[in-house]
Amino acid sequence: EAIDVILFVLVIGGFIGVFQKTGAFDAGMNALVVRLRGREDWLIIIVTALISLGGTTFGLAEETLAFYPLLVPIFLAAGYDVMVPVAVIFIGTSVGSMASTVNPFAIIIASNAAGISWTSALSVRAIMWTVATGISIAYILRYARKVRQDPSLSLAPAPGHPPAMEFESDETKKSPGGAAAPSGDVNNGGGAAFLASSTGLLNPSPQALTKKMRLLLVVFALSFAVMIFGVSRLGWWFPEMTTLFFAAALVIGIIERPGEKKFVEWFIAGAQQLLGVGLIIGIARGATLLLDKGEVSGTILNYLSGQVAHMPGAAFIVGLLFVYIVLSIFIQSSSGMAVLTMPIMSALAEVAGVPRDQIVNAFCWGIGLMGFIAPTGLVLPSLAMVNVRFDKWVRFIWPLIAILTVLSIIFLVLGVLIRR
């Protein structure tokens, strides 16, 4: 019953894998970084927005780990601390994934499990992404300017600057995994060690952004634009979307011309990266079938329906947001969470008088908010790359999480009240 979704996930994985192997995305990012050197405020704005755009459209996440060696030395040389490039990269991908608009692994799969078209409330999600990304950029800029003017306020000081408000003993200078800090790291957030291991990156010689790479970037962007048009205007669903991305992968292969064997290797490698996601979707659908056939879902719905029948829709949707925040501590797979919980939550929405697309939004925003600090996500590998402690990150990020939580509540409540 989940084969259409699983096949879509594997094919879009192959599509993204082929595109990444061309080097067009990295070349475009490198060209942008070089062009904006000396105008780091604009670099913060544009790079955060682009990474967030990747998160909201195709679930850009692990791929951003490659950006740390490029951006950290540049920001340190400009007078910022280590936290700034970490924030640009990690907040960018996290807020993009949280405020997903067409992300296949969150919005599309969740909407399918809820029994609605993923284009429902797309304009609301687009507004949410714009506002959330704007707030995140402003938050990063405020911190970046503050530590540039007064390095003593830094939570992860750059090399040569004193730490903020505290001094650590040799025993506490450990990496997040508990190992001793790299040689040369004297309570500076790992900046000196990172610079030492990134020799030459202050004056990088990135691969040139050729006309062919520009064309590849256009094809990549057009693929998602065509998907939106097809679903919203032509009645497309998973078979058509799967075909679209397979065809787009072929077009990228024709432009890049790696040879048939290499192309197939790239495609299979990309699909392989998402094989686990496909298995999770299949197992979660199996669990849903067991719950349905064993009448467990009906029992749960009967009990919960009585609890929410007289609950205001606004209170229900806010409560659901926090339910997903808690659940995402244990289940970090957005696709697995969607397939497992959406059938029950969307049925409850009918009882509470809440539009099903708002259930999808509560799911996406709830799991996305926890993604900023969830230890089972990408935060620990990201911090480990620059030796920033997790407690420093939490101290830095919690005000933004609070702001985005309030923003999510406002959008959800308005979505319920307006639709009534």
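Let's start at the second largest pocket, which has a volume of about 510 Å³. A pocket here is an open set of points on a 1 Å grid over the protein atoms alone, where a 1.4 Å probe fits, with protein on both sides within 12 Å along at least five of seven lines; lining residues have an atom within 4 Å of a point. Points are joined across faces, edges and corners, and the volume is the space filled by probe spheres set on them. Select Phe25, Leu50, Leu53, Leu217 and Phe220: of the 19 lining residues, these are the closest to the pocket's centre. Then show α2 (24–35), α3 (40–58) and α9 (211–233); α2, α3 and α9 each supply at least two residues of this lining. Colour the lining by class and you get 14 nonpolar, 3 polar and 2 charged residues. The classes are Ala, Val, Leu, Ile, Met, Phe, Trp, Tyr, Cys and Pro as nonpolar, Asp, Glu, Lys and Arg as charged, and the others, Gly among them, as polar.

A word on what you're looking at: this is a predicted model, where local features need pLDDT of at least 70 and side-chain atom pairs count only at pLDDT 80 or more, while totals for chains, interfaces and linings use all residues. Residues are numbered from 1 along each chain as its sequence is written, and side-chain values use heavy atoms, with hydrogens and water left out.

Next, pick Phe19, in helix α1. Phe19 is buried at 2% relative accessibility (buried is under 20% relative accessible area, exposed over 50%, partly exposed in between, with a 1.4 Å probe and protein chains only). Beyond residues up to four places away in sequence, Phe19 touches Ala24, Phe25, Leu216, Leu217, Phe220 and Ile252; contact means heavy atoms within 4.5 Å.

Now for the largest pocket, at about 1300 Å³. Its lining has 44 residues, and Gly59, Leu60, Ala61, Glu62 and Leu378 lie nearest its centre. Among the elements giving two or more residues to this lining are α1 (3–21), α6 (104–114) and α15 (334–352). By class, the lining has 20 nonpolar, 20 polar and 4 charged residues.

Stay with α6 and select Ser111. Is Ser111 buried or exposed? Ser111 is buried, with a relative accessible area of 1%. Leaving aside neighbours within four places in sequence, Ser111 is in contact with Ile116, Ser117, Trp118 and Val360.

Val360 also takes you to Met342, which touches Val360 along with residues including Ala110, Tyr324 and Phe363. Met342 is one of the residues with the most contacts inside the largest nonpolar core, which has 133 residues. Such a core is a set of buried Ala, Val, Leu, Ile, Met, Phe, Trp, Tyr and Cys residues joined through side-chain atoms within 4.5 Å. Helix α7 (residues 122–149) gives this core its largest share, 11 residues.

Finish on two loops. Arg257 sits between α10 (238–256) and α11, and has a positive phi of about 55 degrees although not a glycine; at 72% relative accessibility, Arg257 is exposed. Glu295, between α12 and α13 (296–308), also has a positive phi, of about 60 degrees, and is exposed at 61%.

Zoom out: the chain has 18 helices and 0 strands (DSSP runs numbered from the N terminus, helices being H or I with at least four residues and strands E with at least two). Buried residues make up 51% of the 420.
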